[in-house]
Amino acid sequence: MTASLDDPELLLGRWRMSRLVEDRREATRSTISGWLDLTRVADNRIHWAESGRWHRPDVDVEVRRALWLVHQERGWWVLFEDGRDFHPWLPGDPVVHDCRPDTYGGLVSGTPERWTIQWDVSGPEKDYTMATELVRP
């Protein structure tokens, strides 16, 4: 029996991150390569820290992003670094983040050994897909 992603504590540690961004509006493809570190900071709180290099058609830039995975009364949630709700942690089920005027539709899937995060972003200001693969180094 394979363990599921439902318990993000099974994901603690360092992950090699590969991300493909396909911007439909600009008709470009770019990649991000780097690391995701998931670190428990309290019984109900995991820090999510991404770092890497964004390889764009015209330039490479360093990128960083931080989020939180927090277990609340309503289950595990992904929060922005400043504590605002992003989306529920529901591996295998689609999630939606309304970031007006655009909408983010996401899906986390896989196993605790190899997992993916997919986003389809659409609206008047953004139109892209983002697929991230995470594997243990």
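Mentor: Start with R65, which is partly exposed at a relative accessible area of 29%. This is a predicted model, and the values below are computed from it. The side chain of R65 forms a salt bridge with E50, with the closest N and O atoms 2.9 Å apart. E50 belongs to strand β3 and R65 to strand β4 (residues 60-72), so the contact ties together parts that are 15 residues apart in sequence.

Now follow E50 into its strand. In β3, E50 stands opposite L36. Strand β3 covers residues 45-55 and runs antiparallel to β2, with 11 bridges joining the two. They form a hairpin, and two residues lie between the strands.

On to the next pairing. Strand β2 (residues 28-42) is also joined to β1 (residues 13-23), again antiparallel and by 11 bridges. Here S18 stands opposite S33 of β2. β1 and β2 form a hairpin as well, with four residues between them, and A27 in that turn has a positive phi of about 55°.

R24 forms one with D120, the closest N and O atoms being 3.0 Å apart. R24 lies in that loop and D120 in strand β9 (residues 114-122), so this pair ties together parts that are 96 residues apart in sequence. Both partners are partly exposed: R24 has a relative accessible area of 39%, and D120 has a relative accessibility of 36%.

One further pair can be set beside these. The side chains of D82 and R84 meet in a salt bridge, 2.9 Å from N to O. D82 counts as exposed at 55% relative accessibility, while R84 is partly exposed with a relative accessible area of 49%. The cut-off for exposed is over 50%, so D82 at 55% and R84 at 49% are classed on either side of it.

The structure holds 12 salt bridges, among them the pairs described here.

Definitions and conventions
Residues numbered from 1 in each chain as written. Predicted model: local features only at pLDDT ≥ 70, side-chain atom pairs only at ≥ 80, totals over all residues. Heavy atoms only, no water. Pairing = 2+ DSSP bridges. Salt bridge = Lys/Arg side-chain N within 4 Å of Asp/Glu carboxyl O. Buried < 20%, exposed > 50% of the residue type's maximum accessible area, 1.4 Å probe, protein only.
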